[in-house]
Amino acid sequence: MNGQEGRVVIVTGAGRGIGEAIARRLASDEWTVIAVDRDAEGIERLAESARGGRVYAAQADVTDRAGVEALVVDVVARYGRVDAVVNNAMWVRYAPLLEVDEQMIDGMIAIGLKAAFWTTQTLVPHFRRQGGGAIVNLSSPAATRGFVGSSVYSAVKGAVASLTLQAARELGPDGIRVNAIVPGAVPTPGAREVVDDEGYEVRRSMTALQRLGTPDDIAGAVAFLVSPDARFVTGHLLHVDGGL
Ligand SMILES: NC(=O)c1ccc[n+]([C@@H]2O[C@H](COP(=O)([O-])OP(=O)(O)OC[C@H]3O[C@@H](n4cnc5c(N)ncnc54)[C@H](O)[C@@H]3O)[C@@H](O)[C@H]2O)c1
C-alpha cells in the first residue's frame with residue numbers, strides 16, 4: 001500500500017514494539033513519519049535506520065499537553081501538514097485489584113487515555129483546515145474480557161474504545177475518521193513486563209490461528225486504516241488478533 005508521499009503521520013510510542021513497527025511500515029508506504037517517544041534512544045535509532053529516511057525523531061512526553069501542542073506546531077511549520085496520528089504510547093502495569101495504587105491509575109490514564117485527548121484536540125483544527133484526517137487509537141482485548149491483574153489497563157483500553165466511537169461520531173462531519181486497532185497478544189518489551197511465557201502459551205492456545213501476533217501484523221492494519229483505501233471506514237474497532 002504505497003503512494004502516501006507528501007502525507008505526514010505522527011506515531012506516539014514509536015521507540016520500540018508495535019509503535020516502532022507502525023513507524024517503519026508507514027515510512028515504507030512513503031509517509032513522512034514523526035516518531036514520538038519519551039525515550040530518545042529508540043526513535044533516534046529508528047530515524048537512522050528506517051527505509052527511505054523519512055522518519056524524524058521527536059522526543060516528547062505525550063502526557064504533557066503543552067508539549068503535544070508545541071510538537072504539532074513544530075511539525076506543521078516544518079512539513080506543512082499533518083494527515084494522521086496513531087495514539088500508540090502506553091505504560092502497562094498489572095496488579096491485583098486490591099493492590100492498585102494511585103500512581104498506577106494516574107500513570108496509565110495519563111499516557112493511555114488523556115494523551116489521546118491532547119493529540120486529538122491539537123490536531124483537529126489542522127485536519128479541519130486540510131479537509132480531513134485520520135486518527136488511529138490502540139485499544140486491547142483486555143477492554144472486554146478479564147485478564148488477571150489487568151483492571152487498570154482494561155479500564156483504560158475500554159475508555160479508548162469508547163472515545164474512538166464517540167470521536168468518530170463527533171468529528172465525522174469534518175471528514176475526520178477515528179478508528180481503533182484491538183491487537184491480540186504481541187510479545188513486545190512492554191508486554192513482556194506483565195506477561196510471562198506461561199501467559200503467552202495461554203494466549204496462543206486461545207487464538208484460532210494458534211500463534212501470537214507480531215508488531216508487523218498490527219502495523220499492516222494501521223497502514224490500511226490511515227490510507228485512502230479506508231476512506232469510508234470510521235468508528236471501527238478492528239480486531240487484529242488471529243481470532244482470539
Ligand atoms: N503488545 C501487546 O500484546 C498489545 C496488545 C494489545 C494492545 N497493545 C497496545 O499497543 C500499544 C503498543 O504496545 P507495545 O506492547 O508495543 O508497548 P511498549 O511498552 O513495548 O512500547 C510503548 C512505547 O511507548 C513509549 N511511551 C510510554 N510512555 C510515553 C509517554 N508518556 N510519552 C511518549 N512515549 C511514551 C515507551 O517509551 C515505549 O517506547 C499500546 O497502546 C498497547 O496498550 C499491545
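Residues are numbered from 1 along each chain as its sequence is written. Because the model is predicted, local features are reported at pLDDT of at least 70 and side-chain atom pairs at pLDDT 80 or more, whereas totals for chains, interfaces and linings use all residues.

Helices and strands are DSSP runs numbered from the N terminus, a helix being H or I over at least four residues and a strand being E over at least two. Strand 6 (residues 176–183) is largely enclosed by the rest of the structure, because eight of its eight residues are buried; a residue is called buried if 20 or more other C-beta atoms, placed from the backbone, lie within 10 Å of its own, exposed if 12 or fewer do, and partly exposed in between. In a regular strand the side chains alternate between the two faces of the sheet. In strand 6, Ile176, Val178, Ala180 and Val182 are buried on one side, and Arg177, Asn179, Ile181 and Pro183 are buried on the other.

Strand 6 runs parallel to strand 5 (residues 133–138), to which six bridges join it, and Val136 stands opposite Asn179. Four bridges join strand 6 to strand 7 (residues 237–240), also in parallel, with Val240 as the partner of Pro183. Strands are taken to pair if DSSP finds at least two bridges between them.

The largest nonpolar core holds 69 residues, among which Val9, Val11, Ile22, Ala23, Val33, Ala35 and Val222 touch the most other members; such a core is a set of buried Ala, Val, Leu, Ile, Met, Phe, Trp, Tyr and Cys residues joined through C-beta atoms within 7 Å. Helix 4 (residues 102–130) gives the largest share of this core, eight residues.

Around the ligand lie 29 residues, the closest being Gly13, Gly17, Met90, Thr188 and Gly190, where a residue is counted as near if its C-beta atom, placed from the backbone, lies within 6 Å. Helix 1 (17–28), strand 2 (32–37) and helix 6 (189–192) each supply at least two residues of this shell.

Glu30 lies in the loop between helix 1 and strand 2 and counts as partly exposed, with 17 C-beta neighbours inside 10 Å. Gln210 belongs to the loop between helix 7 (197–205) and helix 8 (215–226), and is exposed, with 10 other C-beta atoms within 10 Å.
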